[in-house]
Amino acid sequence: MVNILISGGSVAGPALALWLRKYGFNPTVVERAPSLRDGGYKIDIRGAALEVVDRMGLRDEVERNSTDMRIARFVNVNGEQVGTMSAQLFGGREGDDIEIMRGDLARILYDATKNDVEYVFDDSITALQETTEGVRVTFENAPPRMFDLVVGADGLHSNVRALTFGEESPFIHHLGHYISIFTVPNHLDLDRTEIMHPAPGKSMGMYSTRQSADAKAMFLFSSPPLAYDRRDVTQQKKLLAEIFAGQGWEVPRLLDALVDAPDFYLDSISQVRMARWSSGRVALVGDAAYGPSPASGQGTSLALVGAYVLAGSLAAAAGDHRAGFAAYESDMRHFVEENQKLAANNLKGMVLKTAAQIRFQMFMLRLMPHLPGKNSMIKRITEPIRRAAIAITLKDY
């Protein structure tokens, strides 16, 4: 039995653990957080990723936890509605696509694996030493252990990637924007509704999903790379407040909620681009290897498909990591590239540069329901996402 350590307990890590266990491997998941990370933001599952969820046997559970969002409303500085869009079109979804909160998906994957997979919370890898017998792993808290293989499923700022390939700057490509999301009181009494207020170079929003008593605030803004401490949440909150100071609509009230926000998140909208996703006995999966950025809407789908392909490739190679890792990279490369292409074009509509562009966008939103051939127009909007989402043929391992 091959012992495999997975760093990261969000989506890619538990998904990989599920498939590895199914194929007879012995996975262990180490997660820096003291417990399963709840909450988070809305994520989409579509195309090949939905097929992976089906093969996991988790489709019904995922659908039961869908956000069930109904509408996206666009408002001006006074809160007056200036345009609307269906939630499906706003998220680029069609057909069977599912939107779910990241924390709900993480919980579903954890529940599906917790009885067969060892989880180590509140710990992190500090060193990796490859030997002829495997990889000697040193932890912050636990004593060192030997594993046959190590997989980094630990996100954009991957610790495993840094330990194996070096510091992150050659691999992370900044797309000129930042995103912040955190929980706020639902003072607008939103029900499966998303409200967006665009401003030049910025976009502010608030939404509440099905069966949620609170809401999420979302801030997007264009900016060159910013210097701040990723571990200093207080500094990040101050930075966000300064950038959005003076904005209208509900922004002052949302910024007031920063103080008590339990799940504040701020990071650049960036992509991870690497020539290879493995070195020796260490491999990367999900955002750690090929994060497409939140602007693509495909990070979760890449994580689910990548986990499936990596585990299946190792199984097909009977545990030979050289052959398994090579097959994984070969089978995933085109799928990754097609999905990463989505981000730049999506960003153009998410954060507009000028007031004139905003006025034109709102005009088109009001006009679209009355245009002949509107369904064809909508199909053209969603087609690039659909095409990228199915840009891989899943093998039956």
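Residues are numbered from 1 along each chain as its sequence is written, and side-chain values use heavy atoms, with hydrogens and water left out. Because the model is predicted, local features need pLDDT of at least 70 and side-chain atom pairs count only at pLDDT 80 or more, while totals for chains, interfaces and linings use all residues.

Trainee: How many salt bridges does a search of the whole structure find?

Mentor: A salt bridge is a side-chain nitrogen of Lys or Arg within 4 Å of a carboxyl oxygen of Asp or Glu. Searching the whole structure on that basis gives 27.

Trainee: Which parts of the chain does the pair R93 and D44 tie together?

Mentor: The two side chains meet in a salt bridge, N to O, at 3.0 Å. Helices (H or I, at least four residues) and strands (E, at least two) are DSSP runs, numbered from the N terminus. R93 and D44 are 49 residues apart in sequence, so their pair ties together the loop between helix 4 (87–90) and strand 6 (98–101), and strand 3 (residues 42–45).

Trainee: How many residues apart are R192 and D68?

Mentor: The closest N and O atoms of this salt bridge are 2.9 Å apart. R192 is in the loop between strand 12 (172–185) and strand 13 (193–199), and D68 is in the loop between helix 3 (59–64) and strand 4 (71–75). The pair links distant parts of the chain, and the separation is 124 residues.

Trainee: With which side chain does the side chain of S270 make a polar contact?

Mentor: S270 is in strand 16 (residues 265–272), and its relative accessible area of 4% means that S270 is buried. A polar contact is a pair of N or O atoms within 3.5 Å; within protein, one must be able to donate a hydrogen and the other to accept it, and residues adjacent in sequence count only if both atoms are side-chain atoms. At 2.6 Å, the partner is S268.

How values were computed: Buried < 20%, exposed > 50% of the residue type's maximum accessible area, 1.4 Å probe, protein only.
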